[in-house]
Amino acid sequence: MANKIPGNRVINGIWGEIWLDGNKISELTGLEAKVTLKKEDVNMCGVLAKDTKVTGWEGKGTLKMHKVNSRMAIKLGDMIKKGKDIRFTIVSKLADPDTVDAQSERVALTGVSFDDLTLMNFEAKALGKVECPFTFTGYDFTDVINPE
């Protein structure tokens with residue numbers, strides 16, 4: 001029988017933090033960053049099954065925040081109008097105090113390029129929120145949470 005993992009070992013996202021170019025984003029509500037493998041089909045004579053070969057990868061993500069300031073307008077607004085393609089670094093940290101030996105997971109995303117800039121988005125009786133989709137060209141795990 002496999003080892004049972006107690007429920008209190010499941011990491012809670014409430015402990016997530018990020019830094020955008022070294023500045024902590026306190027209004028953070030969530031972050032997702034994924035690498036999607038790019039594959040080409042490999043067809044071979046005498047083989048009916050489709051096989052593939054990895055030919056690259058693409059990094060995409062979304063930064064989610066409460067609307068409490070004009071952070072993204074300040075960082076991106078004028079640069080977009082000037083035609084500048086500016087790049088950022090996002091460092092994320094997830095350190096639930098209930099993990100084994102209080103370990104943390106950190107990932108540094110480099111070459112971050114935001115896909116859009118929300119100029120205005122509000123609704124009566126709704127909390128303000130901002131979602132910032134992005135692409136990235138590099139990543140490094142600087143800390144990992146080891147299995148027990």
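1. Start with the Arg-106 and Asp-143 pair: their side chains meet in a salt bridge, N to O 3.0 Å (the term means a side-chain nitrogen of Lys or Arg within 4 Å of a carboxyl oxygen of Asp or Glu). This pair ties together distant parts of the chain, with Arg-106 in strand β6 and Asp-143 in strand β8, 37 residues apart. Helices (H or I, at least four residues) and strands (E, at least two) are DSSP runs, numbered from the N terminus. Arg-106 is partly exposed because its relative accessible area is 25%, and Asp-143 is partly exposed too, at 31%. The cut-offs here are under 20% relative accessible area for buried, over 50% for exposed, and partly exposed in between, with a 1.4 Å probe and protein chains only.

2. A word on where this comes from: it is a predicted model, where local features need pLDDT of at least 70, side-chain atom pairs count only at pLDDT 80 or more, and totals for chains, interfaces and linings use all residues. Residues are numbered from 1 along each chain as its sequence is written, and side-chain values use heavy atoms, with hydrogens and water left out.

3. Back to the charges: the structure has eight salt bridges. One of them pairs Arg-71 with Glu-27, the closest N and O atoms being 2.8 Å apart. Arg-71 sits in helix α1 (residues 71-81) and Glu-27 in the loop between β2 (23-24) and β3, 44 residues apart. Arg-71 is buried, since its relative accessible area is 19%, and Glu-27 counts as buried at 8%.

4. Asp-85 and Arg-87 form another salt bridge, again with the closest N and O atoms 2.8 Å apart. Here Asp-85 is exposed, because its relative accessible area is 52%, while Arg-87 counts as partly exposed at 43%.

5. Now the largest pocket, with a volume of about 470 Å³. On a 1 Å grid over the protein atoms alone, a pocket is an open set of points where a 1.4 Å probe fits, with protein on both sides within 12 Å along at least five of seven lines, and lining residues have an atom within 4 Å of a point. Grid points are joined across faces, edges and corners, and the volume is the space filled by probe spheres set on the points. The lining has 22 residues, and Leu-31, Glu-32, Ser-92, Lys-93 and Leu-94 lie nearest the centre. β3 gives the largest share of that lining, eight residues.

6. What about the nonpolar surface? Val-35, Leu-37, Val-54, Trp-57, Tyr-139, Phe-141 and Val-144 make a nonpolar patch of about 630 Å². Patch residues have over 30% relative accessible area and no salt bridge; like charges are joined within 9 Å, and nonpolar side chains (Val, Leu, Ile, Met, Phe, Trp, Tyr) within 5 Å. The areas come from the Shrake-Rupley method with a 1.4 Å probe, and for residues only the protein chains shown count as cover. At least two residues each come from β3, β4 (51-66) and β8. Leu-37, in strand β3, counts as partly exposed because its relative accessibility is 48%.

7. Two backbone spots to look at. Asp-21 has a phi near 50°, a positive value in a residue other than glycine, and lies in the loop between β1 and β2. For Lys-125, also not a glycine, phi is positive, near 60°, and its place is the loop between β6 and β7 (129-136). Lys-125 is exposed, as its relative accessible area is 90%.
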